[in-house]
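This report walks through the parts of one protein chain. Keep the sequence and the structure in view while reading.

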Amino acid sequence: MLLALTLMLSITSSSQQHAERTIDEIKTEAVHRAEVGQYPLIGLDPGDVKEALTSIHTRDKDEWAAAFIGVADRYMNEAKSLEKTDPVKANADYIRAWRLYSFGRWPIPASAGKQAFLAHARFWDPPLEIVRIPFEGKEIIGYLRLPKNANGPVPLVLAVNGLDSRKEDLSESFSAILPFGIGFLAVDGPGTGQNPIKVSENAERMLSRVLDYIATRPEIDKNRVAMHGVSWGAYWATKMAIVERSRLKGASAQSPPTDTFFQKDFLMNHLIGNREYLFDQVPALMAIFDNVKTVDEMAEVLPKISLVKQGLLGKPMAPMLILAGVKDTQVPISDIYLLLDKGDVPKTAWINPQGGHLGRQVGVWPDPRIFKEVIIPWLVHTLKPVE
């Protein structure tokens with residue numbers, strides 16, 4: 001229904017707006033992104049993508065999901081059969097299956113990849129712990145990993161996903177911080193994945209509850225906790241750097257929306273039919289809010305989320321690393337410059353003049369390189385012990 005709605009919106013949108021990609025355009029672009037390792041197909045085998053796409057003839061979400069599930073199931077079944085005889089190959093197959101399942105639910109949930117991810121995570125050492133945090137009659141589910149053989153409480157990064165990524169993706173990436181003696185807790189942001197609440201003006205209370213939980217774990221140094229967020233997750237990281245500045249050593253944020261992103265003009269002229277996003281960004285946005293079904297309803301609710309509208313920008317905040325691309329069409333660079341100009345402490349900025357969303361630049365600054373060379377070093381430096 002959401003996909004059908006998007007098509008209708010595209011047809012009725014003003015001449016200034018771009019139409020969504022057709023199914024043939026989506027298929028061509030998906031294969032290209034798999035071949036060059038571009039989000040959201042990083043790590044997917046182009047052959048697997050092509051195989052799945054041969055079964056897709058429309059933009060129907062169930063058809064899309066079924067095609068990728070079909071390919072993923074083959075690797076999932078093979079992995080199960082190899083666990084005892086060839087655990088290395090089994091792990092590789094679980095990863096392959098998880099990535100296919102994950103892309104099968106793009107950009108909103110349409111298939112379950114958690115089974116494959118958790119099967120893959122069983123091979124991790126140190127192990128992944130699933131934490132369940134009581135919250136308003138429901139629960140917050142997170143993935144926690146702590147470094148091995150730690151002497152005393154360890155620092156921690158609280159990582160929050162974006163609109164279409166999930167805590168599983170963050171857990172895969174943040175495994176790289178464990179050798180530095182730093183752990184991580186990955187959670188789904190409001191409105192996404194297994195988060196118990198939708199996006200609202202005070203949905204960050206859920207992340208404050210996670211900080212409460214972190215403070216109860218004796219293995220974690222509650223005085224050395226930082227946050228990381230991508231895109232929508234970067235919005236929450238930025239907001240938490242203000243409202244929870246006393247409990248955070250710092251926050252890294254990739255392309256955090258702050259004000260212009262939330263205005264009707266940007267929604268109508270930049271987000272609908274956005275070509276940097278593979279497809280269906282507006283339906284994905286609608287899905288993270290409660291009872292938002294039309295563009296007009298989206299245009300009414302989005303401005304309330306603005307950090308300017310909420311009177312937060314300019315207040316004291318924790319130190320931040322802010323990453324962005326000048327050519328980002330999803331979050332305007334003006335939102336980044338506005339954030340850099342506010343607050344009471346110096347910020348570190350990594351701005352790629354040739355970069356798009358999150359600062360990505362195909363073939364030059366792909367996601368893994370940014371993560372390894374920019375984000376991890378800043379977090380390690382921020383969380384190092386005070387001498």
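## Helix 10 and its surroundings

After helix 10 comes G273, which has a positive phi, near 70°. The model is a predicted one. Helix 10 covers residues 264-271, and its buried residues are F266, L267, M268, N269 and L271. Among the elements that cover these buried residues are helix 11 (281-287) and helix 12.

Helix 12 runs over residues 295-301 and contains E300. Is E300 buried or exposed? E300 has a relative accessibility of 54%, so it counts as exposed, the cut-off being over 50%. In sequence, E300 and K264 are 36 residues apart, while in space their C-alpha atoms are 7.7 Å apart.

The model has an open sheet of 8 strands in the order 1-2-4-3-5-6-7-8, and the pairing is mixed. At the edges are strand 1 (129-135) and strand 8 (348-352), each of which pairs on one side only. On average, neighbouring strands of this sheet are turned by 20° against each other, with direction ignored. In a regular strand, side chains alternate between the two faces of the sheet.

Strand 1 is joined to strand 2 (residues 138-145) by 7 bridges, and the two run antiparallel. Strand 1 and strand 2 form a hairpin with 2 residues between them. In the turn, E136 has a positive phi of about 50°.

How do strand 5 and strand 6 run, parallel or antiparallel? Strand 5 (residues 220-230) and strand 6 (residues 250-254) run parallel and are joined by 5 bridges. Within this pair, V230 stands opposite Q254 of strand 6.

## Helices on the sheet

Two helices can be followed across the strands. Helix 9 (residues 232-243) lies across strand 3 (154-160), strand 5, strand 6 and strand 7 (320-325). The direction of helix 9 is at about 140° to strand 5.

Helix 14 (residues 367-383) also packs on the sheet. The strands touched by helix 14 are strand 3, strand 5, strand 6, strand 7 and strand 8. The direction of helix 14 makes about 165° with that of strand 6.

## A buried residue in a loop

The loop between strand 4 (183-187) and helix 8 (205-214) holds T192. Because its relative accessibility is 5%, T192 counts as buried, the cut-off being under 20%.

Which residues does T192 touch, apart from neighbours within four places in sequence? T192 is in contact with N161, G162, L163, R166 and I288.

Helix 2 (residues 23-36) and helix 3 (residues 46-53) pack with their axes 9 Å apart, at an angle of about 165°. Helix 2 and helix 3 are therefore roughly antiparallel to each other, since an angle over 145 degrees counts as such. The crossing of helix 2 past helix 3 is right-handed. On the helix 2 side, K27, A30, V31, A34 and E35 meet P46, V49, K50 and L53 of helix 3. By class, this contact has 6 nonpolar, no polar and 3 charged residues.

Helix 3 also packs with helix 4, at an angle of about 135° and with axes 8 Å apart. That angle makes helix 3 oblique to helix 4. Helix 3 passes helix 4 in a right-handed crossing. Helix 3 brings D48, V49, E51, A52 and L53 to the contact, and helix 4 brings W64, A67, F68, V71, R74 and Y75. The residues of this contact divide into 8 nonpolar, no polar and 3 charged.

## Helix 4 with helix 5

Helix 4 (residues 61-82) packs against helix 5 (residues 87-104) with axes 8 Å apart and an angle of about 165°. The angle is why helix 4 is described as roughly antiparallel to helix 5. Is the crossing left-handed or right-handed? Helix 4 passes helix 5 in a left-handed crossing.

The residues of the contact of helix 4 with helix 5 fall into 17 nonpolar, 1 polar and 6 charged.

Methods:
Residues numbered from 1 in each chain as written. Predicted model: local features only at pLDDT ≥ 70, side-chain atom pairs only at ≥ 80, totals over all residues. Heavy atoms only, no water. Pairing = 2+ DSSP bridges. Helix = DSSP H or I, 4+ residues; strand = E, 2+ residues; numbered from the N terminus. Axes fitted to C-alpha atoms, helices over the stretch in contact; angles between N-to-C directions. Contact = heavy atoms within 4.5 Å. Parallel < 35°, antiparallel > 145°, perpendicular 65-115°, else oblique. Left-handed = near helix turned anticlockwise from the far one by under 90°. Nonpolar A, V, L, I, M, F, W, Y, C, P; charged D, E, K, R; others polar. Buried < 20%, exposed > 50% of the residue type's maximum accessible area, 1.4 Å probe, protein only.
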